[in-house]
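Biologist: Could you walk me through the open and enclosed spaces here, and then the aromatic contacts?

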Amino acid sequence: MQKLKQANLYRSDLIPISGKLVERYNKCLKTLGFSETKLTSFFIDGIGWSPDIAEEKNNMHYLNHGDANPNGIIITPLQKGKPVYLPFHSFDREMMQYVFRTHGQKINDITRDSAICIDFDQDIDVFYEPLDVLKYDKVNITFKLIDNLEQVQKEQLRLVDKFNTGNNFIDEGIHQQLLDSAKTYGDLRDRDLSLHPLQFATDSFYTRAFDGVYLLRDFIKPIVIFESREHYKEAIKDTIHDVLIYHIEQPELIDKLKDHIIIECDLEQIIKTPNYDRVKKYELAQFLKETEHPIAAILNDKVLFKSYLNKIDIKARKQVMSVEIYLEKLERSNAYKIEDIVDQDFYFALHQPHSSLSARHRDLIHKLLINIEPKDVLFLYWYDKEQFYINYLTWEDSFKDWVIERIRNNI
């Protein structure tokens with residue numbers, strides 16, 4: 001990952017946590033019912049998740065109580081606008097933006113000397129069956145401060161009232177109680193520590209529950225797409241819910257998404273785009289073995305590209321150039337079928353969210369499409385960073401350079 005780190009492409013927006021903030025973070029973990037970290041310094045993202053603590057606990061979702069109960073931690077106002085690197089839901093970053101948009105000023109004040117625990121509650125205590133994800137409707141976002149600071153504030157105000165009553169101002173016991181509280185927690189009398197609950201409405205989304213599920217319910221008919229074959233097989237036994245159920249590897253899924261006007265693929269337009277160029281060059285790179293030139297140079301230089309294209313076997317050559325071959329044949333006759341010429345995986349990788357979709361839905365469908373066929377390295381980085389990091393480790397060194405260049409040119 002060293003090249004990615006040098007290019008600021010590997011979790012570069014994480015926030016360093018050390019000193020007093022570690023103590024507050026541990027108090028949040030305890031408040032939420034989790035064990036403390038033994039680390040004395042670590043990094044966190046916008047929702048308070050730390051890759052360092054995840055590694056320490058050997059649990060990537062250590063802020064969750066099961067699939068149905070995710071949590072978050074706000075320990076610094078610097079988390080505002082930061083990425084959520086391992087979102088449990090596709091809308092997690094949007095929820096955090098909503099939290100800071102609503103309570104930003106109070107968060108700035110509270111995190112001067114405290115921290116905030118967040119419960120994302122969709123009124124589902126436990127998931128029992130895969131189609132329980134259909135119960136997602138609204139997420140209630142509630143907040144709790146460490147050290148029960150809201151109660152401490154009420155106690156301070158009670159002591160102040162008591163102090164101001166009658167001759168209590170000469171009572172040294174009350175003096176001492178006020179001094180002890182102020183020394184421990186600060187003067188809370190004029191602080192606004194009340195974070196009222198928020199409600200976030202969900203529509204179509206992705207969740208990591210049940211090993212990954214897409215729920216598309218803003219179209220002609222709800223569609224549930226499973227990444228796990230085991231949970232897919234369990235879900236299709238359901239006879240109660242009127243939904244369409246697919247496994248992400250089913251070829252029929254692409255046709256259904258087209259029928260529902262969710263995705264589209266106009267090859268004559270696609271071949272003019274950088275997306276197509278990246279996918280085609282990714283295809284060629286898979287066939288390049290023991291080259292005399294660095295792969296990055298081959299993919300960037302038109303002459304070298306043609307040279308190596310002609311060095312691979314004819315079957316591989318036709319696969320790399322299959323879209324151009326199909327479109328050329330189509331100009332002469334309508335008798336040609338795309339599936340007879342263009343490799344299915346290649347064709348699927350060229351699909352795009354339908355132009356009529358909102359920006360929010362486009363991002364979700366981009367993620368779905370890149371999970372179906374991860375051939376566009378830029379979109380893989382944008383929409384599924386964890387999978388990108390996994391794939392990155394398997395790539396040839398010079399190909400990594402080409403990928404990094406693609407990403408940096410599009411930031």
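Modeller: On a 1 Å grid over the protein atoms alone, a pocket is an open set of points with protein on both sides within 12 Å along at least five of seven lines, a cavity is a set where a 1.4 Å probe fits but cannot get out, and lining residues have an atom within 4 Å of a point. Points are joined across faces, edges and corners, and a volume is the space filled by probe spheres set on them. This is a predicted model, in which local features need pLDDT of at least 70 and side-chain atom pairs count only at pLDDT 80 or more, while totals for chains, interfaces and linings use all residues. Residues are numbered from 1 along each chain as its sequence is written, and side-chain values use heavy atoms, with hydrogens and water left out.

Biologist: OK, how much space lies in the largest pocket?

Modeller: The largest pocket holds about 1,100 Å³, and of its 33 lining residues Val84, Arg93, Trp382, Tyr383 and Lys385 are the closest to the centre. Helix H17 gives the largest share of that lining, five residues, where helices (H or I, at least four residues) and strands (E, at least two) are DSSP runs numbered from the N terminus.

Biologist: And which classes do the residues of that lining divide into?

Modeller: There are 14 nonpolar, seven polar and twelve charged residues, counting Ala, Val, Leu, Ile, Met, Phe, Trp, Tyr, Cys and Pro as nonpolar, Asp, Glu, Lys and Arg as charged, and the others, Gly among them, as polar.

Biologist: What about the second largest pocket, which residues lie nearest its centre?

Modeller: Glu227, Ile248, Asn371, Asp384 and Gln387 lie nearest the centre, out of 21 lining residues, and the volume of this second largest pocket is about 460 Å³. H17 again has the largest share, here four residues.

Biologist: Now the aromatics, how many pairs does the count come to?

Modeller: The count is 20 aromatic pairs, where rings of Phe, Tyr and Trp (its six-membered ring) pair if their centres lie within 6.5 Å, and planes under 30 degrees apart count as stacked, over 60 as edge-to-face and the rest as tilted. One of them is Tyr98 with Phe200, which counts as tilted because the planes are at 50 degrees, with the ring centres 6.5 Å apart. Tyr98 lies in helix H4 and Phe200 in strand E6, so this pair ties together parts that are 102 residues apart in sequence.

Biologist: Are those two buried or exposed?

Modeller: Phe200 is buried at 7% relative accessible area, whereas Tyr98 is partly exposed at 23%; buried means under 20%, exposed over 50% and partly exposed in between, with a 1.4 Å probe and protein chains only.

Biologist: Which residues form the aromatic cluster?

Modeller: Tyr10, Tyr282, Tyr381, Phe388, Tyr389, Tyr392, Trp395, Phe399 and Trp402 form one cluster. Both Tyr392 and Trp395 are buried.

Biologist: What sits over the ring of Tyr381?

Modeller: The charged end of Lys385 does, 4.4 Å from the ring centre, under a rule that needs NZ of Lys or CZ of Arg within 6 Å of the ring centre and within 35 degrees of the ring normal.
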